[in-house]
Amino acid sequence: MDTSFGDLLKDWRVQRRLSQLDLGLAANVSARHISFLETGRAKPSRSMVLQLSETMQVPRAVRNVLLNSAGFVNAYRSRDWNAADMAPIRAAIAWTLERHDPFPALALDRHWTVVHANKAATQLLAAVAFQAGDSLLDALTHDSALCAAIENWPDVRQHLLARLRVESAQLGGDPVLDQAATTLAQQSSVTEHETPASLSAVTPTRYRFGGGVLSLFSTIAQFGTAEDIALADLKIELMFPDDEATRAVFLGVPASSTPGPDAERRKIKTRAHTKL
């Protein structure tokens with residue numbers, strides 16, 4: 001049996017922790033009208049469905065579901081990555097990733113599959129038998145070479161667990177993200193949940209490579225005005241050195257804190273190319 005618009009509206013309002021009054025004020029609608037929509041005493045217009053969806057930041061795919069439940073056709077598409085009208089998007093992503101070299105950068109879909117990677121990221125991931133088209137979720141929730149290469153895996157795992165839960169909540173629940181979060185939670189121990197006395201600004205990921213350690217932190221960007229379903233879920237992850245030694249390795253310049261960074265960089269590249 002199909003779920004009614006009123007039930008879906010109420011479910012999302014509750015997920016977003018909004019009262020009928022809160023939603024009404026934010027969407028410039030009376031709380032009484034919200035109540036009537038939820039009980040079926042009033043029918044929404046197409047523009048009202050989209051207005052309420054935007055106010056609650058409902059994912060594009062779910063906005064289609066809300067429209068359908070109210071008797072309207074879909075408003076959003078999910079285009080093929082290679083479609084002609086996606087060319088400017090592909091070019092923008094490639095430009096961003098390439099300009100981030102010599103530091104690693106990735107484009108990830110909703111379920112953390114690597115859609116595209118720049119040269120530095122390709123070399124970094126190839127050293128642990130990982131490449132574009134592979135799923136980071138699969139690698140991070142199993143005993144993979146990637147997990148084994150992360151020196152501070154317990155800290156990173158807790159950070160990833162929190163990130164997965166936030167992303168799933170924003171989507172109104174996602175079975176793939178939820179399952180990955182459950183797997184990571186089962187792997188962690190009680191002591192890992194203890195909060196350290198002093199928290200750093202970011203949680204870097206420390207990769208073991210060639211006898212050395214590369215410490216990187218990430219910033220994530222998304223297309224804020226995307227109306228395509230797949231594009232709205234796409235994330236660009238840019239990695240930056242967390243210390244001078246790591247910066248020196250990627251830039252290929254001497255650093256007083258790291259002996260022989262050029263040699264270390266050559267080791268990483270050699271191992272990466274061997275795997276390709």
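How are H1 and H3 oriented to each other? Helix H1 (residues 5-15) and helix H3 (residues 31-39) pack at an angle of about 125 degrees, their axes lying 6 Å apart. H1 and H3 are therefore oblique to each other. Here axes are lines fitted to C-alpha atoms, for helices over the stretch in contact, and angles run from 0 to 180 degrees between N-to-C directions. Angles under 35 degrees count as roughly parallel, over 145 as roughly antiparallel, 65 to 115 as roughly perpendicular and the rest as oblique.

The structure is a predicted model, in which local features need pLDDT of at least 70 and side-chain atom pairs count only at pLDDT 80 or more, while totals for chains, interfaces and linings use all residues. Residues are numbered from 1 along each chain as its sequence is written, and side-chain values use heavy atoms, with hydrogens and water left out.

The protein chain contains 14 helices and five strands. Helices (H or I, at least four residues) and strands (E, at least two) are DSSP runs, numbered from the N terminus. Of the 276 residues in the protein chain, 43% are buried. Buried means under 20% relative accessible area, exposed over 50%, and partly exposed in between, with a 1.4 Å probe and protein chains only. Among contacts in the protein chain with a separation of 6 or more, 55% are accounted for by residues 24 or more positions apart; contact means heavy atoms within 4.5 Å.

The meeting of H1 and H3 can now be read in detail. Phe5, Gly6, Asp7, Leu9, Lys10 and Arg13 in H1 meet Ile34, Leu37 and Glu38 in H3. By class, this contact of H1 with H3 has four nonpolar, one polar and four charged residues. Ala, Val, Leu, Ile, Met, Phe, Trp, Tyr, Cys and Pro count as nonpolar, Asp, Glu, Lys and Arg as charged, and the others, Gly among them, as polar. Arg13, placed in helix H1, is buried, with a relative accessible area of 9%. Not counting residues up to four places away in sequence, Arg13 touches Leu18, Ser19, Gln20, Leu23, Ile34, Glu38 and Met56.

Arg17 is exposed, with a relative accessible area of 78%. Although Arg17 is not a glycine, its phi is positive, at about 60 degrees. Most residues other than glycine have a negative phi, and most peptide bonds are trans.

The axes of H2 and helix H4 (residues 46-55) come within 10 Å and cross at roughly 110 degrees. H2 and H4 are therefore roughly perpendicular to each other. Their contact brings Leu23, Ala26 and Ala27 of H2 to Gln51, Leu52 and Thr55 of H4, and its residues divide into four nonpolar, two polar and no charged.

A cis peptide bond, with omega of about 15 degrees, joins Asp101 and Pro102. Pro102 is partly exposed, with a relative accessible area of 27%. In sequence Pro102 and Phe250 are 148 residues apart, yet in space they are 5.9 Å apart, C-alpha to C-alpha. Trp112, in the loop between S1 and strand S2 (114-117), has a positive phi of about 65 degrees although it is not a glycine. At 2% relative accessibility, Trp112 counts as buried.

Asn152 sits in the loop between helix H9 (145-149) and helix H10 (153-170), where it is buried, with a relative accessible area of 13%. Leaving aside neighbours within four places in sequence, Asn152 is in contact with Pro204, Thr205 and Arg206. The side chain of Asn152 reaches the backbone nitrogen of Arg206 at 3.0 Å.

H10 packs with helix H11 (residues 175-187) at an angle of about 150 degrees, with their axes 9 Å apart. That makes H10 roughly antiparallel to H11. The residues making the contact include Trp153, Arg157 and Leu160 of H10 and Leu177, Asp178 and Ala180 of H11. By class, the contact of H10 with H11 has nine nonpolar, two polar and four charged residues.

Conventions: A polar contact is a pair of N or O atoms within 3.5 Å; within protein, one must be able to donate a hydrogen and the other to accept it, and residues adjacent in sequence count only if both atoms are side-chain atoms.
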